[in-house]
Amino acid sequence: MAETDKDDLIRLIDNNEEHEIDIPAKLPLLPVRDVVIFTDMVLPLYIGRDRSMRAIENAMQDDRLIFLAAQKDPTVEDPNSKQIYRVGTVCRILRMLKLPDGHFKVLIHGIEKARVKRFVSKKTYYHASIELIPEPSIEQIDVENQALMRNVRENCEKILNIRGEYTGEIGMLLEEIEHPGKLADLVSSNLKLKTEEAQVLLELEDPVERLNQVNNYLAREVELSTVQAKIQSHVRDEISKNQRDYFLREQVRAIHKELGEQDERSAEIEDYRSRIKKAKMPKEAGKEAEKQLKRLEQMHPDSSEATIVRTYLDWLVELPWSRSTKDVIDIPHAKSVLDKNHYGLDRVKDRILEYLSVRKMNPNKKGQILCFVGPPGVGKTSLGQSIADAMNRKFFRLSLGGIRDEAEIRGHRRTYIGAMPGRILQGLKYCNSNNPVFMMDEIDKIGMDFRGDPSSALLEALDPEQNANFSDHFVNMPFDLSNVLFILTANMTDTVPPALLDRMEVIQLPGYTEEEKAVIAQRYLLPRQISENGLTENDFFLSQTALSMIISEYTSEAGLRNLEREISALCRKVARKMAEGKEGPFRVTRGNLHTYLGPPQYIPELDQDESQVGLATGLAWTQVGGEVLYVEVSLLDGKGELIITGQLGEVMQESARAAVSYARAHRNELGLEKNIFDSIDIHIHVPAGAIPKDGPSAGMAMATALISALTDRPVNKFVAMTGEISLRGRVLPVGGLREKAIGALRFGINTIIIPDKNKPELSEIPKSVRRKIKFIPVSILDQAIEIAIGKDLVKKTPPETSSKKRAKKDKK
């Protein structure tokens, strides 16, 4: 918006002599954009539209009078009558200059306010029929109006003082104006008002009301100008301070240079340069570090970008590009370390010793990614620490449980605020070595959301063919991870992505037997808890029978965590007694164990007192080890429906249907009535209905319980079974046999029926378990029924043979 210059205002008011001007009823109309013309306002205008230039030419040929009105929408190039305000100002063209591009530059002077009565549209330019709006005369100004005019003058002076534009001449001019309307128009023409606000002022005919509105706008402008001046002052102070600091630093640098000393900034640059050399980075990384150091040298030390560059350089020089620990691979020593820290786990130890042996024979062989899979508390994480001790390597543990952001693995881009490398490079920096034992816990509990898929980011890090050039988003250059020994842990492999699982060698860590738990407790858990609770071996004694009772009746787990908690509870109670002044030693035996730990929480014997009809014992594998699974079958009067309860999954429901189909197909061999299945409903239930269950290993137990109910013969309670069945009665192999056997032993089972194809797995079951449990392999369901129910119940013919006989009878 164009504004009136101070010189123009002075000239206008000094020459404010009254001259009578005859204003015609029709005048050329000039629409103006982004400006409202007030009376006595002198303003230069740039004329570029064809219609506007013709209107100016027509006015110059007559008496130089023209009517100016503001456009409602300044973006319209050729406005019509509805897009122009009705109230405007009659102006005189004081001067016109034709520019080289053919456009006009004119100087206009506002004379009188007028209103458009009618638009006369012409092809060349607008003509308007107008009526003047005379300014109401005020004969006498009262005290209230005088106060209002004084307030307007003072606000004007404040604004001009804030802007540094106030002079005594302007103050005199404001004092000389005694008419409220004239003062309102003068101030309005110099205020930075929106077109709509200025138009409202122009259309107000009452001079006092117009001046009052101007005073409101002035008050707002005073507040805005004050804040603006404060901001500008703050910016000037900051700039002055920065310039002063820079000048002083340059002086200090020059002084240090003259004295032959280094200033702080030069010392920082030299320190980075020496650290870059000591880091022994790869050629590409060293080149990038030198580049960033040159950038830092040219930056202001207090700028935000300099801080980012410093952080980046700190990470580059502190990463172990070439720093590593020397492997000490002594196989007998490694075996002694593993045996000292872990009891049992022979298969796992053998695999670790094989890995170390290969590393000793071929140090350049690419590292294998090991994944320990087993229930909680079996020693997966502590095995990683033992491997590091055996190899004389640093150890770092990273928990992946719940991680959902890909940046946790690959790092953030340097452009983000607070960016830093991923957890892998952070771990290497913490170890200060590029060949530590890097353990990633809970790989099966890693997540994924809109921020990315961390498991996909791990593919590069855990692939021996790719991790020599691992790229972190923050460092943004390859880092060699091929020397890192990655060890992962998981409770199960079902939730691990197949592509990630394919890059790992899975080593199963099954649960411990009761004998193994007793040895581990005596060697490791009990001495550790005695020490942690401030006791000595002379203060506390735990008998072997009491320890066995804790293992069998107070815990039911594959690992050792609950066992250690119970031992810790015993030590705490003994510590309390000693703190109260009671004298020891304190002996905990099987007879007084309940006074310390309360009643037993688990009963190791079977739940049923005697063998029952329609109740078979199955075995299940869970994340925490093997468990006993009871299958109950009841026969009800009905119409041949099958009822399945106990929150069984689809696989177990299919096993139940297969068992019913097998029983119906072998009705004759079982000695059942012809229409028995049409007159009864079969209800199959697996207790603990609140727990979802699924898996393929309950088919044999369901079929046995069903046949027991149909034949009214009890199932031997000391016999458990695991295996899937087909419709032809074949027994199919299952997994997790070792864990199931250990779980069965906890519940007092002495006989387990297993699929014949699982016989090779018996060698992996501990000898202590094989001594106490009799394993009977079967290939068809008839053999399992003979063992669990009785030999005289079914014929010893395979289901296929029986089917052939039935086919022959059907033909006859």
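Val227 is partly exposed, with a relative accessible area of 43% (buried means under 20%, exposed over 50% and partly exposed in between, with a 1.4 Å probe and protein chains only). The model is predicted: local features need pLDDT of at least 70 and side-chain atom pairs pLDDT 80 or more, whereas totals for chains, interfaces and linings use all residues. Residues are numbered from 1 along each chain as its sequence is written, and side-chain values use heavy atoms, without hydrogens and water.

Val227 belongs to helix H7 (residues 207-259); helices are DSSP runs of H or I with at least four residues, strands are runs of E with at least two, and both are numbered from the N terminus.

The whole structure contains 33 salt bridges, each defined as a side-chain nitrogen of Lys or Arg within 4 Å of a carboxyl oxygen of Asp or Glu. Three of these pairs are tabulated below.

| Asp327 | Arg393 | 2.9 Å |

Glu505 is partly exposed at 24% relative accessibility, whereas Arg351 is buried at 18%. Glu442 is partly exposed at 25%, as is Lys445 at 37%.

A network of salt bridges links Asp271, Arg275, Asp314, Glu318 and Lys429.
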